[in-house]
Amino acid sequence: MIQATQPLRAAPRRLLLCLGAAALGLGAFGASPAWAQTAWPSKSITLLIGFPPGGQTDFAGRVLTNGMQGALGQPVVIDNKAGVNGNIASVELMKAPPDGHKLLVGNGSMTIMPHVYTKLGIVDPQKMTPIGIMLQSPLVLVVPATSPIKTYAQFAEEVKSRAKGGKGIDYGTGGAGSLIHVTMELLRERLGNPAMNHVPYKGSSPAMVDLMAGRLDAMFDATSVVAPFVKSGQLRPLLVTSDKRSPMLPNVPTAAESGIKDFSIISFIGLYGPPGLSPEVVKKANSAMNAALKEPTVVKSIVDRGDEPGGGSPEQLGAMTRDQYKMWGAVVKANNITAD
C-alpha cells in the first residue's frame, strides 16, 4: 500500500510545479506582447519620411541619424515613402507594430491634410505617439525685390486697394491645402477677407521662381527656403510668423510687431511613433533625439539652413500637433478650402 500511495503523493507536487511554471509563462505572455520582452532597440530603426530626398522633412531625419544611432547603439535607416502629401508614410506607421523599430519623421502639414482631403482616408496625426520636436521654423512673408512694397503696412494697403479695384493680388503656394496656402488665407481673414487670387503650384519651388520673376505678388514660405534669396537680393521679407525675430533674419519684424494679433505660426518637423508605443521606448527615443540636437555639428547644420533646433518633451510635440490641428481645421472650414 505504501508503494502504491507514494507515487500518488509525488505526482501532484510535480503537476503543481509544472502547472505553476506554465501559468507564469502564460501570464508573462498574456500581460505584454513579445516585443516588450527585449530591450529597445534590439535591431535597426527605420525612419519613415513621407517626402522625397532633399526637402526640409528629409533633411531633419538625415541630420539627426548619426547622433541618434550613436545614442541608441543601433543603425538608423531612412526610408522615403513619398506620396499624398506624406500620407503614404503615415499609413505605414499606423500599421507598424508598436515596438519602436519603425518611426515617422512628420511635418506640420499632417495637421492640415485631414481637413482638406476628406475622401482619401488621411491619417489623423493625433492618433500617433508623439516623441519630440526635431526642428522648427517660422514662415516669412516675402515679395519680389522689384516690388514697390517695402513694409507689411504697405502690403496690407495694396491688398485692400487691389481688392476694391476688382483685382486682388496674386499669391503663390505649393498646392491647395499646403501650410503656406492656409497661412495666407488666415492672413486674409486678419485683413478683413479682401479678394486675393490663389495660384497653386506643384510644390513651392516653382512658385518661388515665379515670385522672384515678378509673376506673383507675394508668398509665404519657411525661413530656410527664403533666406538664401533674401541674402542674394531677389526677395524682400516683410514679416516672420514667430513670436520672436528669426536669428537668420534679425531685421525682419514679427507679425505681432507688425500689428497682427494671434498670428504665431511655426512650421515644425516632429518624430512620431505608432499608436500604443510604450512610455519606456518614447522616453529613450526622446532622449536620443535631444542628445543628437545638442551636437555642435547638428546644430550648425540646422541653423545654417535657417531652421531652429527643436527638442523638448513628447508632451510638447503632442500639444503642438493638437493645437495646429484645431487651428487649421477652423481656417479650412471658414475659407472652404478643399483639395479633393
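The expected span of a helix is 1.5 Å times one less than its number of residues. Helices (H or I, at least four residues) and strands (E, at least two) are DSSP runs, numbered from the N terminus. The model on screen is predicted: local features need pLDDT of at least 70, side-chain atom pairs count only at pLDDT 80 or more, and totals for chains, interfaces and linings use all residues. Residues are numbered from 1 along each chain as its sequence is written, and side-chain values use heavy atoms, with hydrogens and water left out.

**Stop 1: helix 6**

Select residues 179-190, which are helix 6. At 1.5 Å a residue, its twelve residues should span 16 Å, and the end C-alpha atoms are 17 Å apart, which agrees. Ten of the twelve residues are buried, so helix 6 is largely enclosed by the rest of the structure. Here buried means under 20% relative accessible area, exposed means over 50%, and partly exposed lies in between (1.4 Å probe, protein chains only). Among the buried residues of helix 6 are Leu179, His181, Glu185 and Arg188. Then click on Gly192, which follows helix 6 and has a positive phi, near 95 degrees.

**Stop 2: the largest pocket**

Next, select Phe51, Asn107, Gly203, Ser204 and Asp221, which lie nearest the centre of the largest pocket. On a 1 Å grid over the protein atoms alone, a pocket is an open set of points where a 1.4 Å probe fits, with protein on both sides within 12 Å along at least five of seven lines; lining residues have an atom within 4 Å of a point. The volume of the largest pocket is about 940 Å³, a volume being the space filled by probe spheres set on the points. Its lining holds 35 residues. The elements that give two or more residues to it are helix 2 (56-72), helix 6, helix 7 (204-212), strand 7 (219-222) and helix 8 (223-231). Which element gives the most to the lining of the largest pocket? Helix 7 does, with six residues.

**Stop 3: strand 9**

Select residues 266-273, which are strand 9; eight of its eight residues are buried. Ile266, Phe268, Gly270 and Tyr272 are on one side, and Ser267, Ile269, Leu271 and Gly273 are on the other. Strand 3 (residues 102-107) runs antiparallel to strand 9 and is joined to it by four bridges; Leu104 has Tyr272 as its bridge partner. Strand 4 (residues 129-144) is also antiparallel to strand 9, with eight bridges, and Pro138 stands opposite Ile266.

**Stop 4: salt bridges**

A salt bridge is a side-chain nitrogen of Lys or Arg within 4 Å of a carboxyl oxygen of Asp or Glu. By this rule there are eleven. Show Arg162 and Asp217, whose closest N and O atoms are 2.8 Å apart. Arg162 lies in helix 5 (residues 152-164) and Asp217 in the loop between helix 7 and strand 7, so the pair ties together parts that are 55 residues apart in sequence.

Move on to Lys300 and Asp304, with closest N and O atoms 2.7 Å apart. Both lie in helix 10 (residues 296-305), four residues apart, about one turn of the helix. Lys300 and Asp304 are both exposed.

Last, select Asp79, Lys81, Glu92 and Lys102, which are linked in a network of salt bridges. Between Asp79 and Lys81, the closest N and O atoms are 3.9 Å apart. Asp79 is partly exposed, at 24% relative accessible area, and Lys81 is partly exposed at 27%.

Conventions:
Pairing = 2+ DSSP bridges.
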